[in-house]
Amino acid sequence: MSTIEHLHAAGGASNPAPLSPAVRAGDFVFVSGQVPTLADGSVVAHDVETQTAQVMRNIEEALKLAGCELSDICKTTVWLHDARDFARFNKAYSAFFEQGKFPARSTTEARLMINILVEIEAVAYKPV
């Protein structure tokens, strides 16, 4: 058995992008950058709070592929389209974690690949 496992939802990758939603490498799970899209590929409402909530739900689904949950996340990297959204993003993001048990995080402003306001990648730790 390989020590690196590429995880996809049942039926294989439906995303045309050349990536795996999650990859388990030993006790660590790496979640590819998630964007605020629904299963049909459509982007949710164009406000940072709604988009952040959808991104976090998408991360949760990718983590489930590896038997993990949000509380297993040890690090996130966040890209915001506009740094002025930082406070509203923080409020929406923090709702997904237990108070005082937030992952380590880096956040930066960036031009994103599609017309969205936020993208988040995550690293989780869950011993096999």
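Visitor: Which residues of helix 2 are buried?

Guide: Keeping in mind that this is a predicted model, the buried residues of helix 2, which spans residues 86–94, are Phe89, Ala92 and Tyr93.

Visitor: What makes these buried residues line one face of helix 2?

Guide: When you look down the axis of helix 2, the buried residues fall within an arc of 100 degrees, and therefore they line one face of the helix. On the other side of helix 2, Ala87 and Lys91 are exposed. The cover over the buried residues includes helix 1 (48–64) and strand 4 (73–80), together with strand 5 (104–109) and strand 6 (118–125).

Visitor: Why does Ser20 count as buried?

Guide: Buried means under 20% relative accessible area, and Ser20 has 11% relative accessibility, so Ser20 counts as buried. Ser20 lies in the loop between strand 1 and strand 2, and, leaving aside residues up to four places away in sequence, Ser20 touches His6, Leu7, His8 and Ser32.

Visitor: How do you know that strand 1 and strand 2 pair?

Guide: Pairing requires at least two bridges between two strands, and strand 1 (residues 4–7) and strand 2 (residues 22–25) have 4 bridges in the antiparallel sense, so they pair. Within this pairing, Leu7 stands opposite Ala22.

Visitor: What joins strand 2 to strand 3?

Guide: Strand 2 and strand 3 (residues 28–34) run antiparallel and are joined by 4 bridges, with Ala22 standing opposite Val31 in strand 3. These strands form a hairpin with 2 residues between them, and Gly26 in the turn has a positive phi of about 65 degrees.

How values were computed: Residues are numbered from 1 along each chain as its sequence is written. This is a predicted model: local features need pLDDT of at least 70, side-chain atom pairs count only at pLDDT 80 or more; totals for chains, interfaces and linings use all residues. Side-chain values use heavy atoms; hydrogens and water are left out. Buried means under 20% relative accessible area, exposed over 50%, partly exposed in between (1.4 Å probe, protein chains only). The arc is that of the directions from the helix axis to the C-beta atoms. Contact means heavy atoms within 4.5 Å.
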